[in-house]
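Trainee: Could you walk me through this model step by step?
Mentor: Gladly; here it is.

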Amino acid sequence: MKRIVIDLETLSEKDIEFKKEIDDLIALEVAPKTQDMEDGKINVWDVLEPLGKKGLLGLRYPKELGGRGSSYMQEMLLSEALSYESLVYDMVRGSSVYPAGLILVFRRQETLGKYIKPIVTGEKKGCFCFTEPDAGSDLSRMKTIYRKDEDGNFILNGEKRFITNGTVADVMVVYGRNGAFIVESDFEGFEMLEEYKLMGLHGLNLGHLKFTDVKVPKENLLFYRELKPATEGSQRKRTSAISSMQQFLGPERVAMSLQALAVAKRAIEIAVKYSQERVQFKKPISEFEGISFKIAEMVANFEAGKALYGKAAQNSQNPALCAMCKLFVVTSTHKICDEALQIMGGIGYTNKYPVERLLRDIRLHRIGGGTDEIMKYIIQKDIYKGFNKPIGEETEKKVDFQF
Ligand SMILES: Cc1cc2nc3c(=O)[nH]c(=O)nc-3n(C[C@H](O)[C@H](O)[C@H](O)COP(=O)(O)OP(=O)(O)OC[C@H]3O[C@@H](n4cnc5c(N)ncnc54)[C@H](O)[C@@H]3O)c2cc1C
């Protein structure tokens, strides 16, 4: 199937050259290791570290910071190619360079610049920590907090769970109710409580982390806001840091949609090929409409997802559009993978083909980065805000949602 997520016609010669470079690299150096990672024989970083040395983890960072100074288009091509091979590679890559990105966004190069190059080259691993045991979709329940010390430094207390790279990261962005800082895993008071076993995404190190009186130097500040006093009727002080995070959520959802489209593409390719080769009742099963109509629907949804992705990628600060894109693309990709497996019958349920892995892996995208339900919440809120409130309706309370 010639269909790709990013259409070749939109690419410059330089981009096509780059695409060839990464396609070859993935075929030679990444794909042969995927099954070993899936089986727990090697670590994902055995695959990613060599990519870091080639400037591919943080492609868009300048050369002097370990990247290649590449375009957004090349970043998308890389993300598509890695996700096509395994979502784990691109998720781990994205989470790892996140702290470097935030240092640039908050213009903290002077104090925190020393962290960027080691992260971008893969010498050090990074992660970002929003989620807590009591604060998942509803970040207003976040308890993690920074207390200013007499000497101007900060004391961090809190717990974070479901953190990608959490058990291997050297450098973390830890969000609290009142700010975000760069925290190193060797700061005293940091503890790794657990590494989770996962349904899919084998190789991804998902951690539960604890911070007890961790002293964080003031130079490590990304942003800090004094908590607003509690409002009448509310016991807790309002979270003031959450609004600062929300600008990153749209781009993250768009990025996750691209990852999902790459997975959909792979599932469709495998199912189309298999259905042409598999003969039952004296014909290739592709000649049964029960099968070929599934393919038609899968491809129609893939193309619709691509169109929505194209629109959201141009408007990544439009929360409702990004939510629509993620909701549509990840739910349809989940369905596409399930139908691909159905088309393959029993062999689809074994690991002879990667379709069962694609199905398990993509399931996360309906939860991480904001659940399907939260995407629907964001979309309907945007729709209704344009209409008059129904008679007797109370003014809506402000709710801070994660992702
Ligand atoms: C593999 C993996 C990687 C992750 N990586 C990271 C990471 O790197 N950093 C990080 O900070 N977090 C990470 N997460 C956490 C992820 O973002 C959260 O799991 C997600 O936001 C949902 O939170 P929760 O699991 O606490 O579910 P909850 O918020 O408890 O939700 C439970 C259910 O209730 C539903 N629900 C909640 N509120 C509403 C509502 N208002 N209306 C309707 N339904 C609702 C949800 O949709 C869901 O179905 C990761 C999670 C996983 C599994």
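Mentor: First, two strands pair if DSSP finds at least two bridges between them. Strands (E, at least two residues) and helices (H or I, at least four) are DSSP runs, numbered from the N terminus. The model is a predicted one, in which local features need pLDDT of at least 70, side-chain atom pairs count only at pLDDT 80 or more, and totals for chains, interfaces and linings use all residues. Residue numbers start from 1 along each chain as its sequence is written.

Trainee: Which residue takes a positive phi in the hairpin of β2 and β3?
Mentor: β2 and β3 run antiparallel and are joined by four bridges. Between the strands lie five residues, and the one with a positive phi near 90° is glycine 152.

Trainee: Which strands stand at the edges of the sheet that holds β2 and β6?
Mentor: This open sheet has four strands in the order β2-β3-β7-β6, with antiparallel pairing. An edge strand here has a single partner, so one side of it is left without a neighbour in the sheet; that describes β2 (145-148) and β6 (190-195).

Trainee: What does the twist average from one strand to the next there?
Mentor: Angles run from 0 to 180 degrees between N-to-C directions, and axes are lines fitted to C-alpha atoms, for helices over the stretch in contact. In the sheet β2-β3-β7-β6, the average twist between one strand and the next is 10°.

Trainee: What is the bridge partner of glutamate 159 in β7?
Mentor: β3 pairs with β7 (residues 206-216) in the antiparallel sense, over eight bridges. Within β7, the partner of glutamate 159 is lysine 210.

Trainee: In the sheet of β1, β4, β5 and β8, is the pairing mixed or antiparallel?
Mentor: Four strands line up in the order β1-β4-β5-β8 in this open sheet. β5 (residues 179-184) and β8 run antiparallel, joined by three bridges, and glycine 179 stands opposite tyrosine 224 in β8. For the sheet as a whole, the pairing is mixed.

Trainee: At what angle do the axes of α2 and α4 cross?
Mentor: Residues are in contact if their C-beta atoms, placed from the backbone, lie within 7 Å. Val44, Val47 and Leu48 in α2 meet Val88, Tyr89, Val92 and Arg93 in α4. The axes of α2 (residues 44-53) and α4 (residues 87-105) come within 11 Å, and the crossing angle is roughly 65°.

Trainee: How far apart are the C-alpha centres of domain 2 and domain 3?
Mentor: An automatic or database domain assignment supplies the bounds, and the chain is divided into domain 1 (8-95), domain 2 (126-240) and domain 3 (247-384). Four residues from domain 2 and seven residues from domain 3 make the contact between these two domains. Their C-alpha centres are separated by 32 Å.

Trainee: Which residues come nearest to the ligand?
Mentor: A residue is near a molecule if its C-beta atom, placed from the backbone, lies within 6 Å of it. Domain 2 and domain 3 each give at least three residues to the shell around the ligand, while β1 (126-129), β3 (154-164) and α12 (372-384) each supply at least two. Of the 23 residues around the ligand, those that come nearest are Phe130, Gly136, Ser137, Thr371 and Glu373.
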